[in-house]
Amino acid sequence: MEGETTSSNSHSTSLGVELALRRVAVLGATGMMGQTFVRLLEHHPWFQVTAVSASDRSVGRPYSEAVPSSNGTGVSSIVGNLPVVVPTPQAVNDPDIVFSALPADIAGPIEEKFAREGFPVFSNASSHRMDPDVPLLNPEVNSSHGGLLDQQRKRKKWDGCIVTNPNCTTATLLHLCKLYQEQDTPE
Ligand SMILES: NC(=O)c1ccc[n+]([C@@H]2O[C@H](COP(=O)([O-])OP(=O)(O)OC[C@H]3O[C@@H](n4cnc5c(N)ncnc54)[C@H](OP(=O)(O)O)[C@@H]3O)[C@@H](O)[C@H]2O)c1
């Protein structure tokens with residue numbers, strides 16, 4: 001981010017405002033998408049990866065050892081030394097935000113548990129994509145659908161939330177559709 005500097009627990013904006021880093025837990029952190037989340041977040045000026053979670057196969061191991069060999073080498077020592085934990089609200093060290101890269105066949109109830117405990121969950125899994133009150137968000141295209149979260153919280157009676165994204169093929173296509181829609185005289 002232009003004009004921003006980071007320190008260990010906060011970042012200072014171009015207006016000189018000091019903001020606390022948002023603490024992030026990544027579920028499914030040892031998988032293909034989870035590793036991408038970690039790579040994008042660990043040096044991001046707004047976020048701090050404070051918990052990584054995966055299956056029993058990985059739980060208890062340092063993250064850098066739990067990811068498939070060679071993939072762990074690029075991880076910073078701070079994240080690399082985090083112990084992998086089970087995907088429960090109690091285990092993830094009180095994050096501000098949860099990113100989920102869990103397999104779709106198990107993500108549904110786990111993500112709901114986090115939302116019920118008050119955590120905002122942003123998921124790559126398909127489990128909740130078709131729920132009527134869950135935003136299926138592609139921010140450049142439909143950011144206003146975030147407004148659904150009020151309904152979701154009311155209907156589900158939880159303080160957290162679940163937000164999903166489209167699968168990668170659809171996400172790319174939607175950008176093109178949006179451009180097409182914005183043309184005055186499409187051919
Ligand atoms: N939106 C998109 O564009 C997009 C693109 C690709 C994938 N996805 C979705 O993202 C999700 C992850 O995909 P992936 O390809 O990264 O999968 P993956 O490589 O198989 O990784 C699965 C992750 O989930 C963990 N896991 C598996 N079973 C578990 C259990 N019972 N309890 C707790 N953790 C468990 C695995 O931990 P271990 O390593 O310990 O087994 C691993 O960290 C899927 O839902 C997929 O459909 C979305």
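Helix α4 has 13 residues and spans 19 Å from its first C-alpha to its last, close to the 18 Å expected at 1.5 Å a residue; the expected span is 1.5 Å times one less than the number of residues. Helices (H or I, at least four residues) and strands (E, at least two) are DSSP runs, numbered from the N terminus. The structure is a predicted model, in which local features need pLDDT of at least 70, side-chain atom pairs count only at pLDDT 80 or more, and totals for chains, interfaces and linings use all residues. Residue numbers start from 1 along each chain as its sequence is written.

The predictor's confidence in each residue, pLDDT, runs from 0 to 100. Its mean over the chain is 90, and 91% of the residues reach 70 or more. Over residues 1–7, however, pLDDT stays under 50.

Back in α4, the buried residues are Ala107, Ile110, Glu111, Phe114 and Ala115. Here a residue is buried if 20 or more other C-beta atoms lie within 10 Å of its own, exposed if 12 or fewer, and partly exposed in between, with C-beta atoms placed from the backbone. After the helix comes Gly118, with a positive phi near 100°.

Three of these strands can be followed through their pairing, which requires that DSSP finds at least two bridges between two strands. β7 and β8 pair in the parallel sense over three bridges, with Val98 opposite Val121 in β8. β8 and β9 are also parallel, paired over four bridges, and Pro120 stands opposite Cys161 in β9. Side chains in a regular strand alternate between the two faces of the sheet. In β8, Val121 and Ser123 form a covered face, while Pro120 and Phe122 form an uncovered one. β9 is covered on both faces: Cys161 and Val163 are buried on one side, and Ile162 and Thr164 on the other.

Arg129, in the loop between β8 and α5 (139–142), touches Thr164 and Leu136, not counting residues up to four places away in sequence; contact means C-beta atoms, placed from the backbone, within 7 Å. Arg129 counts as partly exposed because it has 17 C-beta neighbours inside 10 Å.

The number of buried residues in α7 is zero, so the helix lies largely in the open.

Finally, two loop residues other than glycine have positive phi values. Asp94, with phi near 50°, is found between β6 (84–85) and β7. Lys157, at about 55°, lies between α6 (148–156) and β9. Asp94 is exposed, with 11 C-beta neighbours inside 10 Å, and Lys157 is exposed with 7 other C-beta atoms within 10 Å.

Conventions:
Contact = placed C-beta atoms within 7 Å.
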